[in-house]
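Colleague: Hi! Could you walk me through this one? I'm new to reading structures.

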Amino acid sequence: MIGLPAYLTLAALVFSIGLFGVLTRRNAVGILLGIELMLNAVNINLVAFARFSGNVTGLVFTLFTIAITVAEVAVGLAIVIAIFRVRRTVEADRLDLLRG
Amino acid sequence: MAPSVGLPLAVLALPFVAFVLLAVVAPLRRAGRLAGLVSILAVGLAFAAALIVWARGLVVEATWTWLPADGGPIASVGLLVDSLTQAMLVLVTLVSLLVQIYSLAYLHDEPPASLGRYYTYQSLFAFSMLGLVLAPGFLQMFMFWELVGLCSYLLIGYWYERPAAARAAVKAFWITKLGDVGFIIGIVLLWSATGTFEFTELFEKAQAVSGLPLIMFLIYLGAVGKSAQFPLHVWLPDAMEGPTPVSALIHAATMVTAGVFMVTRAEPLFALVPAVLTLIAWVGAFTALLAATMACVEGDIKRVLAYSTVSQLGYMMAAAGAGAAQAGFLHLLTHGLFKALLFLAAGAVIHAVGTNDIFRMGGLFRAMPHTAIVFIVGTLALAGVPPLAGFFSKEAVLGGVWEAHLSGPFLMLALTALLTAFYMFRVVFITFFGRAHAAGHPHEAPWLMRAPLWILALLTILVGLRLAASGVEGHEEAPGWLAPLSVGLALVGFLLAWAMYQRGAIAPARVAAVLGPLDFMARRRYGLDALYAGLYRGIMLGFSRLIGWIDRYLVDGLVNVLSALTLRGGARLRGIQSGQAQDYVYGVAFGVLLLIVWAQLWR
């Protein structure tokens, strides 16, 4: 039987990979994918805790998270497309409208 | 309200109503002559009320609480009418009325709006002066004292487009303020010692006050500034930049006598401090002599009269200092009449000739006999020739000073009497007789200007005759040789002026050469103006420059350094904001990591 720490380790790894992707990818779509990974790491955590504590709240919460993730990706991609239309690029380095 | 309070209150309120009306209703003020008529009507009614007060001999003391406090009011306002006030009320309203009528013709060429402004100031001045005269306490007196000073400033600077007038106004204001600082400190010290501003209460309590000499000296300083005593007399000659009627009203008959009036009013207080009284007498006599010598070399007709005013104020102060305040006050009243007369007559001459310089006049007797006659009447009164008003009051002053055993001041005043006759007849001979130098055809002044002149001249004669008939109070005690002496001195002065400027027997230049250093100093006003200018430039401007340097380089520098640091810091910090979301996320992640590490270590 695999214990809780193994699940948590997996989740941490996935989260770190996602964070790495968000920080290093130059492509906006790649950044979105990284965010997806981070969210799913959270989901793994939730499910693992739910399973080992015998409480279903975490499972229900995961369903909500997945739904929200989908919506978030939809909005994110829409923004990426909008940016592409205006700036003709999705390279994150070029998108510095917030520059001080 | 009792009628006895109502009448003096009406005297005070009428000019105030006129002032408010003119100040608030702009179209009325801009109407010019109409504004003048409103002002004249108000002061005329006030004059009538003042006459009734005087004729009935009303004695009123009424106070109203102004600043209530536990254990009695801190300050109150009110009216104090006694024989002193009655006479002053009549003098102030009379001269105000005549001057305002005279101004209507004198300032005929002024634009209407400007004329309205003039009458607004005039009404305010009449109100302030009457309030000063009616004040029952030092606090109220001080407030009206300052108001009078403000009006003086406004009226000297009436032609404010002229730089000389603006400068003279500021000079008059500042120099009188110098004395007023002492005045207010003295009042407050007196209040803290006795707890009251009211004269009647002060007279009872003052004996117990310690340090009274200092307090009274400080209060006297106010009179030094206002009544142009040495060494603060320098503003009065410069104040002649104002219109001539203003000089007649404010700088001869009323405002400048406020200091003498104050000393007379507070005489029971001054009587407690003989040292200060002696100082007042000496300073007064010295001022009289100093100003008289300067009048002898002055070529500007108004400035001669101004120095003469300073000199006569010295007389009044000397009398007050000698303990003969009543004599000083009598001289104040008679001097108010004939000096206003002289100024108004001089104004008529200036109006006709268009210059102030007596050496560019001459032979005007034939062109303007009315003005010449009233001017000579005023001159005779000022020189102290019986039976004109000036003779009796001047003799009373001399007698009072003699009785006080102040031989130094007495000699100075006697010499001043000689000089007074000399410089006045000098002006008379140069201006009205001799060869004509005036350009164009001088003409007699319009009747609106002549009427006040004749009224004042007649009053000067009538008051003199009245004094001759009734005798002056305390006159009997004066030594018998005093009257011949003072007439003799006047005669010597007259003969000297006649010999020098009419007959030509003595060349003025030779006299000037004999009295070389004195002539030199008098022409330079004894260097006092230069001294003040130097002090002003050296100390005031130097100090201002120092402060300016500190402000510009230290205070502003600090602010500039701070702002520069902020700007540079901002420029540095903005480099962090790359505008790229990834960098920010990086920062957040790093921060979270740090927090986790810190939380682990802390635990």
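**A loop in chain B**

Modeller: Happy to! Let's start at Ala228(B), which sits in the loop between helix 9 and helix 10 of chain B. Keep in mind that this is a predicted model.

Colleague: OK. What is phi of Ala228(B) near?

Modeller: Phi of Ala228(B) is near 55°, a positive value in a residue other than glycine. Most residues other than glycine have a negative phi.

Colleague: And is Ala228(B) buried or exposed?

Modeller: Ala228(B) counts as buried, because it has 31 C-beta neighbours inside 10 Å, and 20 or more are needed for that.

Colleague: Which peptide bond is cis?

Modeller: The one from Phe230(B) to Pro231(B) is cis, with omega near 5°. Pro231(B) belongs to the loop between helix 9 (212-226) and helix 10 (235-238) of chain B. As a rule, most peptide bonds are trans.

Colleague: Switching to chain A: where is Arg88(A)?

Modeller: Arg88(A) is in the segment after helix 3 (57-87) of chain A. Its phi is positive too, near 60°.

Colleague: Why does Arg88(A) count as exposed?

Modeller: Because Arg88(A) has 8 C-beta neighbours inside 10 Å, and a residue with 12 or fewer is exposed.

Colleague: Got it. How many residues does each chain bring to the contact?

Modeller: Chain B brings nine residues and chain A brings 11 residues. On the chain B side, helix 26 (residues 581-602) supplies the largest share, four residues. That side of chain B divides into three nonpolar, five polar and one charged.

Colleague: How many residues of helix 26 of chain B are buried?

Modeller: Zero of its 22 residues are buried, so helix 26 of chain B lies largely in the open. From first C-alpha to last, helix 26 of chain B reaches 31 Å, close to the 32 Å expected at 1.5 Å a residue.

Colleague: Now the inside. Which residues have the most contacts in the largest nonpolar core?

Modeller: That core has 206 residues, and those with the most contacts inside it include Val263(B), Ala340(B), Leu341(B) and Leu413(B). Helix 16 (residues 325-353) of chain B gives the most to this core, with 18 residues.

Colleague: What does Leu341(B) touch?

Modeller: Leaving aside neighbours within four places in sequence, its contacts include Val374(B), Leu453(B), Leu456(B) and Ala457(B). Leu453(B), Leu456(B) and Ala457(B) are also among the buried residues of helix 21 of chain B.

Colleague: And what covers the buried residues of helix 21 of chain B?

Modeller: The cover includes helix 4 (83-106), helix 16, helix 18 (369-383) and helix 19 (389-403) of chain B. The 24 residues of helix 21 (residues 447-470) of chain B should span 34 Å at 1.5 Å a residue, and its end C-alpha atoms are 34 Å apart, which agrees.

Colleague: Nice. Where does Leu249(B) lie?

Modeller: Leu249(B) lies in helix 11 (residues 244-253) of chain B. Leu249(B) is buried, because 32 other C-beta atoms are within 10 Å. Not counting residues up to four places away in sequence, Leu249(B) touches Val95(B), Ser96(B), Val99(B), Thr254(B) and Ala340(B).

Colleague: Last one: in what sense do strand 1 and strand 2 of chain B pair?

Modeller: Strand 1 (residues 60-67) and strand 2 of chain B pair in the antiparallel sense over seven bridges. Val60(B) stands opposite Val81(B) in strand 2 of chain B. Strand 2 (residues 75-81) of chain B is mostly covered, with five of its seven residues buried.

Methods
Residues are numbered from 1 along each chain as its sequence is written. Chains are lettered from A and ligands numbered from 1 in the order in which they are written. This is a predicted model: local features need pLDDT of at least 70, side-chain atom pairs count only at pLDDT 80 or more; totals for chains, interfaces and linings use all residues. Two residues are in contact if their C-beta atoms, placed from the backbone, lie within 7 Å. Helices (H or I, at least four residues) and strands (E, at least two) are DSSP runs, numbered from the N terminus. Ala, Val, Leu, Ile, Met, Phe, Trp, Tyr, Cys and Pro count as nonpolar, Asp, Glu, Lys and Arg as charged, and the others, Gly among them, as polar. A nonpolar core is a set of buried Ala, Val, Leu, Ile, Met, Phe, Trp, Tyr and Cys residues joined through C-beta atoms within 7 Å. The expected span of a helix is 1.5 Å times one less than its number of residues. Two strands pair if DSSP finds at least two bridges between them.
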